[in-house]
Amino acid sequence: MRADEMVNRYFAEAAETIDLGDEFHEVLQTSYRETDVQVPVHLDNGGLAVYRGYRVQHNGARGPYKGGIRYHPAVDINEVRALASLMTWKTALLDLPFGGAKGGVNVDPGDLSERELEALTRRFTASISHVLGPYRDVPAPDMNTNPQVMAWLMDAYSAKEGYTPAIVTGKPIAFGGAPGRREATGRGVMYCLERALERQGRTLDGVRIAIQGFGNVGTWAARTAVEMGATVIAVSDIGGGVRRDDGLDVDACCAVVAAGRSVADAVDELDADPLAGGDVLTIDCDVLIPAALGEVITAENAEDVRAEWIVEGANNPTTPDADMLLHARGVQIIPDILANGGGVTGSYFEWTQNIQQFRWDEEEFNKRLRKRMRTGVDTTLDAAERWGVRPRRAAFAVAMERVAEAAHMRGYV
Ligand code: NAD
């Protein structure tokens with residue numbers, strides 16, 4: 001299912017929950033501004049490549065637009081539009097003073113040299129800088145972009161406007177990045193789970209966790225899980241997976257991927273059993289954390305999922321049909337717009353610190369992150385109980401209610 005179809009479906013059901021007036025539909029469902037630019041890049045071989053770049057600003061009723069910039073050959077305006085609206089709902093649900101945006105360039109960065117990538121980033125930034133600003137639109141990293149790309153973006157913007165670290169988040173710690181930001185999405189996943197279990201009078205002690213995807217989100221969720229007393233019994237990456245029923249050595253697994261290898265190639269040194277990549281989704285565990293790709297839990301495999309909880313580290317890992325099937329079976333899902341919101345919450349912390357020219361230590365950062373994620377869980381699960389709907393529908397409904405109220409107060413609707 002295309003990202004825009006999926007968002008429309010969740011929008012429609014949440015609109016029904018809050019009885020959203022017709023006049024709000026068009027304002028909340030369409031973008032405020034869509035910038036579509038040509039991005040020519042002079043190549044090292046003397047040739048010229050011309051890409052398309054987009055920045056979609058969906059809704060800014062609650063604050064400056066916020067959202068990542070991705071570099072991927074499949075980037076197109078429909079996808080960017082849908083992802084921008086998801087950012088509006090994510091920032092509103094977590095009560096961050098931001099709106100929603102997304103950007104991208106239809107480039108495969110693997111085809112470009114470092115110099116070409118820098119030229120592309122500077123050209124794209126120059127082309128969209130009139131719609132950016134620390135109080136207007138604040139980009140962040142997304143698929144195939146990283147702190148280095150954010151550094152070039154910040155430098156290109158600052159060359160024109162003066163030193164402006166708050167123009168972008170996810171920067172290197174060397175200049176304006178926030179200690180804790182890199183780890184925030186994975187940690188946030190676990191803070192959500194901790195609070196959701198606590199509401200049932202339970203702790204993470206001995207809870208058996210399986211994680212699909214062992215990159216930024218997966219590794220930091222795993223490390224935090226162990227710190228909190230849980231047992232990580234299976235992890236997988238693109239090369240396959242490993243399982244160990246009495247608990248994997250998570251630090252050793254992280255060391256394997258940090259060395260550029262797959263956990264599946266280190267079965268013996270991890271003293272674990274091999275696991276096919278997709279099997280991690282249906283393994284016998286208490287909590288499943290999909291932290292790799294979208295649409296991996298589908299109507300085909302939803303019946304085989306044995307976890308009691310699914311905490312969505314990845315974006316859109318569960319298809320809408322699977323979501324309904326799992327809910328009917330009593331599987332409890334902490335939806336992506338809440339569960340992986342630690343990343344944008346961390347970006348908010350970075351932005352506030354940049355504006356104040358100040359830096360918190362990582363302990364302070366994590367303490368505040370945990371508090372905000374816990375509040376997000378309470379808000380969502382309280383609303384789900386109040387409305388008698390599943391948490392995903394409640395999460396969208398709470399977010400839409402907040403955005404609709406701000407849009408109304410500001411006179412948009
Ligand atoms: P990443 O590139 O660091 O890691 C991705 C991991 O998924 C890698 O371990 C890769 O090997 C694995 N993977 C890829 N294909 C797989 C497959 N077929 N089976 C099993 N594993 C596979 O990415 P990330 O930053 O950890 O992001 C993971 C997900 O979380 C994405 O959906 C992303 O959109 C979402 N997300 C990330 C952040 C963030 O701050 N990094 C924030 C919000 C959402």
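Trainee: What should I know before I start?

Mentor: This is a predicted model, where local features need pLDDT of at least 70, side-chain atom pairs count only at pLDDT 80 or more, and totals for chains, interfaces and linings use all residues. Residues are numbered from 1 along each chain as its sequence is written, and side-chain values use heavy atoms, with hydrogens and water left out.

Trainee: Which domains does the assignment give for the protein chain?

Mentor: Domain bounds come from an automatic or database domain assignment. Here the assignment gives domain 1 (31–163) and domain 2 (184–330). Their centres, taken over C-alpha atoms, are separated by 30 Å.

Trainee: Which residues of helix H9 are buried?

Mentor: Two terms come up here. Buried means under 20% relative accessible area, exposed means over 50%, and partly exposed is in between (1.4 Å probe, protein chains only). Helices (H or I, at least four residues) and strands (E, at least two) are DSSP runs, numbered from the N terminus. Helix H9 spans residues 320–328, and its buried residues are Pro320, Ala322, Asp323 and Leu326.

Trainee: Why do the buried residues of H9 line one face of the helix?

Mentor: Look down the axis of H9: the buried residues fall within an arc of 155°, so they line one face. The arc is that of the directions from the helix axis to the C-beta atoms.

Trainee: What covers the buried residues of H9?

Mentor: Contact means heavy atoms within 4.5 Å. The cover includes helix H1 (3–17), strand E11 (309–311), strand E12 (332–334) and helix H13 (391–409).

Trainee: How many Å separate the C-alpha atoms of Gly21 and Ala404?

Mentor: The separation is 9.6 Å, for residues 383 apart along the chain. Gly21 sits in the loop between H1 and helix H2 (22–29). Gly21 is partly exposed, at 23% relative accessible area.

Trainee: Where is Gly60 found?

Mentor: Gly60 is in the loop between strand E2 (48–59) and strand E3 (65–71). Gly60 is buried, at 12% relative accessible area. Not counting residues up to four places away in sequence, Gly60 touches Tyr65, Gly99, Arg410 and Tyr412.

Trainee: How do I read a phi angle?

Mentor: Most residues other than glycine have a negative phi. Asn316 has a positive phi of about 60° although it is not a glycine. Asn316 lies in the loop between E11 and H9, and it counts as buried at 14% relative accessibility. Gln357, also not a glycine, has a positive phi of about 50°. Gln357 lies in the loop between helix H11 (342–356) and H12. Gln357 is exposed, at 56%. As for glycine, Gly330 follows H9 and has a positive phi, near 90°.

Trainee: What volume does the second largest pocket have?

Mentor: Start with the method. On a 1 Å grid over the protein atoms alone, a pocket is an open set of points with protein on both sides within 12 Å along at least five of seven lines, for a 1.4 Å probe; lining residues have an atom within 4 Å of a point. Grid points are joined across faces, edges and corners, and a volume is the space filled by probe spheres set on the points. The second largest pocket has a volume of about 270 Å³. Of its 17 lining residues, the closest to the centre are Trp309, Gln332, Ile333, Leu381 and Pro391.

Trainee: Which elements give two or more residues to the lining of this pocket?

Mentor: They are H9, E12, helix H12 (362–387) and H13. H12 gives the largest share, three residues. The lining divides into eight nonpolar, four polar and five charged residues. Ala, Val, Leu, Ile, Met, Phe, Trp, Tyr, Cys and Pro count as nonpolar, Asp, Glu, Lys and Arg as charged, and the others, Gly among them, as polar.
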